[in-house]
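Trainee: I have a model open and would like to go through it with you. Could you start wherever you like?

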Protein chains: 2
Amino acid sequence: MDNEEVQPTRREFLSMVGAVGGAALMYQAMAMMGIAKASPYAGPIELGQAPEGTRVIILGAGLAGMVAAMELRDAGYAVEVLEYREKAGGRCWTLRSGDSYEELGGAVQQVDFAEGNYFNPGPWRIPYNHFGVLDYCSRLGVELEPFIQVNNNAYLHSTKAFDGKPVRFREINTDYRGHIAELLAKVTDQGALDEMVSEEDKALLLTSLRSFGALDEQNAYVSSTSASGRRGYERPPGGGVDGSPIPNEPIDLSTILQSNLWRNIAAGESLNTSMPMFQPRGGMDMIAQAMERNVGDLIRYRKKVTAITQDENGVSVTFEDLENGGASETVTADYCVCTIPFSILSQIEHNFSSQLSNVINSMYYASSIKVGLEFNRRFWEEDEHIYGGITYTDLPISMISYPSNDFFQKKPGVLLGAYSWGATSYQFNALPPEERVAKALEYGAQIHPQYNEEFKTGVSVAWHRVPWVLGCYGQWQDKEAQYQDAVAMDRRVVMAGEHLSYLPAWMEGAILSSLDAIKRLHDVATNG
Amino acid sequence: MDNEEVQPTRREFLSMVGAVGGAALMYQAMAMMGIAKASPYAGPIELGQAPEGTRVIILGAGLAGMVAAMELRDAGYAVEVLEYREKAGGRCWTLRSGDSYEELGGAVQQVDFAEGNYFNPGPWRIPYNHFGVLDYCSRLGVELEPFIQVNNNAYLHSTKAFDGKPVRFREINTDYRGHIAELLAKVTDQGALDEMVSEEDKALLLTSLRSFGALDEQNAYVSSTSASGRRGYERPPGGGVDGSPIPNEPIDLSTILQSNLWRNIAAGESLNTSMPMFQPRGGMDMIAQAMERNVGDLIRYRKKVTAITQDENGVSVTFEDLENGGASETVTADYCVCTIPFSILSQIEHNFSSQLSNVINSMYYASSIKVGLEFNRRFWEEDEHIYGGITYTDLPISMISYPSNDFFQKKPGVLLGAYSWGATSYQFNALPPEERVAKALEYGAQIHPQYNEEFKTGVSVAWHRVPWVLGCYGQWQDKEAQYQDAVAMDRRVVMAGEHLSYLPAWMEGAILSSLDAIKRLHDVATNG
């Protein structure tokens, strides 16, 4: 991508749009094109008219399946959705009081949260740049509220640093930035950058480093009110007689480097995890519920697909009807959108191409553990002034995320008490739910001793034990080599879901994958 | 402050607290003491019992005055509050449809916003570390919602850079960090840090810089998916056939340095402006209204104080009763809490000490302009995907802040269209309200051309023209020399307000000042 070549063309295009359509249209075009773009979503899909009487069967009523159902129905297709579970939403899932969940192996958890409390075992936050999710929320009337991703007052914690005590994010972040700004300023003064940076830019660089790193006039990072104004004070500014602030001492660079706590400083910088973020008011499955209200009449629940076969005339799907003692039934359609996770699909009989079959059989699903812990009071707010955000730790729980709803309420609150995957999840993977909860409690109490006194109830979802997906999200053996084989329309069947996207494990990936899949299905259906 | 000396004492103290009072108490103590403390507020004040029949007159029913009224009344004092305006709250003030506001000079503005929309001319956000404000909100039932201070998708704008086009915060922030991390990594490799950083730490520094700056394996900041994953892509990751991302080109360091846009990178790092922040649902004056519900029966409105005199027996306050044709009246009390801004107090007859009088006469009040602009649609969200947060600019409007309420709603929205002070406000200071609004529109349209088509109505408050304060906040001639003279109890009178704090212009400063003032007043009243 040669930036110099691309940009003039863009500007010319934008001027043209501006001349024809006015400033607002030009801005919409700019926002869509971006200079550095944040999303490929280009607004509501417009499929055009379906060929008369064309039937599409959709497998799976998760977000990918329901988006396909909505849009294909609106284009005039005759749509039927088969869903294994008794409800729609898939991994867009929320547990509330009264819910019961049985994992693989038979362990059953009864959720017993306080009124209004909930836990999202799957997706739990929506980045501002996931325009597809946001647009469906807007169109379906799902109310969104801010999700606090970045909290300067949350902790960074390592069992191997600071005697195992948590340190506020603001302290590590401010001090790391201060020290590296100071080092760079020093070597700039010493001439080390002379061959890389012009004289004029060096002066600007020094000025900018003072601002960026809270350095003093001599470009030093030292105890000062400007540093403490970011990291915290010995005595913070107040009112009256003792109002004047007293700064405190920064942590030295070596201690910070050796603590490894710098590893999470950039956690809030990625497009997918930077402010602002959002969550549906009341739980993530408000999105699933809204979609289900829209297409629920097209969904047939508790149908376990056992075979998918296609020929030149159409697609046949055979399933066990779990509402009818498992009786076998077969339905046919002209086309099929299959959103069944490959972990499940690999166990289903089908006659897909060998290329596609290879991908289905080689994709593995990441194991991941989440634990929701409810406490009698919101001690993280009341005692520690942590309102939302995430504490990162090297403990196997990996993080603690504080709720972004019901701030300041005097009522029980639910923490994400563990979100572990890969190596950090090994300590949890083999355990039954109540022991996973106990382990999350035991680890978390190293950061919040209040855990021991305030614990009320917990719930844990180990994704590799979720019967209808067997893992958290699809992982590729060789994505670069396999991806196009997997997304390509296989005669009359097209795959969709988060696993067929470059936003794996995100709802946005499922939606964008589904939109692209049905666009191609529609092209085939209309143009042959 | 010798950190090595102080810390062991603290730890010993905390262990002691833990042993006696358990983990929760230990954590409360830790939160209060902090290692790097964020607030001096130590929880609700406990004054104890007032001497029988002691009367206190409070001048001004802003936040400082109402806090004093609440707490002194609760301690048993007989409290009376005199307020110049027809309502309480002072600078904690919200304008809504139907409101009318006359500024000095006689210009009247009629506010005509859509239902539910509002504009806060004064305080507009509450830092998470303003524990005093948060505690009163909690005690008085003021519902708070997140205020989005940091928005990576908002703009940085300079008339002198990028052809005057705004650039997303995430682009400047990511690229600046990337470039300085790369420079520091290079000189580290070249040995320039050998005398400052140990070998072991140098290896850690390089690893940390890769993470901090999104550098590649060779410690270079280049076009990559890791950099674009923060700054934005040429083609962002999506789903289906074109799902794979294509990174774009960073902006070079020289361009960024010369653009001066780095100047606002650290805007979200200060304790007072870092995430999370909050706002009352419905407007900032929800705080004033809640306090007024609590102490409204003690407030006498539309009383213009003309003289304050004290002797060994008490305090006399003379006022014009604006509800009664300006008739003069005098009330007496044992003590007085005076929260009248010094800009006004300097025009009132009094017999305070010469030291205090000197401060009153020498304090000047900052001029500052705010403009609220209502637009027919929330184009910043719909066209530009900016949800809350602040765009910084070198234009005289200084910033545009996007509302943190009613996200994604299809209705008119109100922007803070200008917040100017000091040199940036000179273009606004002499103008009548409608011309200030017009100027804010004209400037803002350089960033958002949609201004021209979507403008609905506007309102502007120039603080130097607000009759009851004549400025935005108190500024000291020589704070270090004068502060203790001003906060000291002057026989039977004590001053309180934001101007008597080290959090000037913040509600927290007013509250902390008031709490400290009444504690000392109570000490004098009880111990003589």
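Mentor: Let us begin with Asn272(A), which is buried at a relative accessible area of 17%, where buried means under 20% relative accessible area, exposed over 50% and partly exposed in between, with a 1.4 Å probe and protein chains only. This is a predicted model, in which local features need pLDDT of at least 70 and side-chain atom pairs count only at pLDDT 80 or more, while totals for chains, interfaces and linings use all residues. Residues are numbered from 1 along each chain as its sequence is written, chains are lettered from A and ligands numbered from 1 in the order in which they are written, and side-chain values use heavy atoms, with hydrogens and water left out.

Trainee: Where does Asn272(A) lie in chain A?

Mentor: Asn272(A) sits in the loop between helix H7 (253–259) and S13 of chain A, helices (H or I, at least four residues) and strands (E, at least two) being DSSP runs numbered from the N terminus.

Trainee: And which residues is Asn272(A) in contact with, leaving aside its neighbours within four places in sequence?

Mentor: With those neighbours left aside, the contacts of Asn272(A) are Pro127(A), Asn129(A), His130(A), Met277(A), Leu503(A) and Trp506(A), contact meaning heavy atoms within 4.5 Å. The side chains of Asn272(A) and His130(A) are joined by a polar contact of 2.9 Å; that term stands for a pair of N or O atoms within 3.5 Å, where within protein one must be able to donate a hydrogen and the other to accept it, and residues adjacent in sequence count only if both atoms are side-chain atoms. As for Trp506(A), it is 234 residues from Asn272(A) in sequence, yet the two are 9.2 Å apart in space, C-alpha to C-alpha.

Trainee: Switching to the interface, how many residues does the contact take from chain A and chain B?

Mentor: Chain A gives 115 residues and chain B 114 residues. The area buried between chain A and chain B is about 10000 Å², with 64% from carbon and sulfur atoms; buried area here is the accessible area (1.4 Å probe) that two parts lose on being put together, summed over both.

Trainee: How many salt bridges does the rule find across that interface?

Mentor: It finds two, a salt bridge being a side-chain nitrogen of Lys or Arg within 4 Å of a carboxyl oxygen of Asp or Glu. One of them pairs Arg177(B) with Glu269(A), whose closest N and O atoms are 3.2 Å apart. On the side of chain A that touches chain B, the largest share, 10 residues, comes from helix H4 (residues 169–189) of chain A.

Trainee: What about aromatic pairs, how many are there over all chains?

Mentor: The count comes to 47, with rings of Phe, Tyr and Trp (its six-membered ring) pairing if their centres lie within 6.5 Å, and planes under 30 degrees apart counting as stacked, over 60 as edge-to-face and the rest as tilted. Phe278(A) and Phe407(B) have ring centres 5.2 Å apart and planes at 75°, so they are edge-to-face. This pair joins two chains, because Phe278(A) lies in strand S13 (residues 277–280) of chain A and Phe407(B) in the loop between strand S23 (399–401) and strand S24 (413–421) of chain B.

Trainee: Are Phe278(A) and Phe407(B) buried or exposed?

Mentor: Both Phe278(A) and Phe407(B) are buried.
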